[in-house]
Amino acid sequence: MALSWGQQTVLSSLLAGLDEISLIAAGGKGFQERHVGFKVWPKLGFDAEFLPDEQRSTPHLQGCQTVQDILEADPAWWEAEGSQRLMTFDLRPGSRSWRKLLTYTSEKFSVGGPHD
């Protein structure tokens, strides 16, 4: 099984001894529609702060502090209202980033599944 570019980047960064990876997750509300990084990178474990202006306008998400929190509470809101921002992947063993990436990978590339 070949690794995606994102998976290769995470593993290379870990092997290089880095603590985290940062990137701009492009697109979303108020930005160019052709960019979809704000949707894709969180699926691979990247996370960012839930901005104060966003919190004030969404009472049902008041307990959320990060994009990952939003995705657990209301993924449809993020799909429609999410926007470009700096996101990070926490490379520490057992981090939320790793758990998210491993879950996503196992769902998409399960051994014996339709992708064999």
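Buried means under 20% relative accessible area, exposed means over 50%, and partly exposed is in between, with a 1.4 Å probe and protein chains only. I start there as E72 is exposed, with a relative accessible area of 62%.

Now the ground rules. This is a predicted model, in which local features need pLDDT of at least 70, side-chain atom pairs count only at pLDDT 80 or more, and totals for chains, interfaces and linings use all residues. Residues are numbered from 1 along each chain as its sequence is written, and side-chain values use heavy atoms, with hydrogens and water left out.

Confidence next. pLDDT is the predictor's confidence in each residue, from 0 to 100. The protein has a mean pLDDT of 86, and 87% of its residues reach 70 or more. Which elements have the lowest and the highest mean pLDDT? Helix α1, residues 5-15, is the lowest at 70, and helix α4, residues 67-73, is the highest at 96. Where pLDDT is low, the predicted coordinates should not be read in detail.

The overall layout. Helices (H or I, at least four residues) and strands (E, at least two) are DSSP runs, numbered from the N terminus. The protein has six helices and two strands, and along the sequence they follow the pattern α-β-α-α-α-α-β-α. Of the 116 residues, 39% are buried. The accessible surface is about 7200 Å², and carbon and sulfur atoms account for 56% of that; these areas come from the Shrake-Rupley method with a 1.4 Å probe, and for residues only the protein chains shown count as cover. A contact means heavy atoms within 4.5 Å. If we take contacts between residues at least 6 apart in sequence, 60% of them join residues at least 24 apart.

On to charges. A salt bridge is a side-chain nitrogen of Lys or Arg within 4 Å of a carboxyl oxygen of Asp or Glu. How many are there by this rule? The count is seven salt bridges.

Take E54 and R85. They form a salt bridge, and their closest N and O atoms are 2.5 Å apart. E54 lies in helix α3 and R85 in strand β2, residues 83-90, so the pair ties together parts that are 31 residues apart in sequence. Are these two residues buried or exposed? E54 is buried at 11% relative accessibility, and R85 is buried at 9%.

A polar atom of the E54 side chain lies 2.9 Å from the backbone nitrogen of L51. Not counting residues up to four places away in sequence, E54 touches W77, S83 and R85.

Also in helix α3 is P52. P52 is partly exposed, with a relative accessible area of 41%. The C-alpha atoms of P52 and Q62 are 9.9 Å apart, with the two residues 10 apart along the chain.

Back to E72. E72 forms a salt bridge with R96, with the closest N and O atoms 2.9 Å apart. This pair links distant parts of the chain, with E72 in helix α4 and R96 in helix α6, residues 96-108, 24 residues apart. R96 is partly exposed at 29% relative accessibility.

One more pair is R92 and D90, which form a salt bridge with closest N and O atoms 2.5 Å apart. R92 is exposed, with a relative accessible area of 53%, whereas D90 is buried at 17%. As for shared partners, salt bridges join D69, E72 and R96 into one network.

Last, D47. Where is D47 placed? D47 sits in the loop between α2, residues 37-43, and α3, residues 52-56. D47 is buried yet has no salt bridge, and the nearest side chain of opposite charge, R96, is 4.1 Å away. For charge, Lys and Arg count as positive and Asp and Glu as negative, while His and the chain ends are not counted. A polar atom of the D47 side chain does lie 3.0 Å from the backbone nitrogen of Q68. Leaving aside neighbours within four places in sequence, D47 is in contact with T66, V67, Q68, L86, M87, T88 and R96.

Notes: A polar contact is a pair of N or O atoms within 3.5 Å; within protein, one must be able to donate a hydrogen and the other to accept it, and residues adjacent in sequence count only if both atoms are side-chain atoms.
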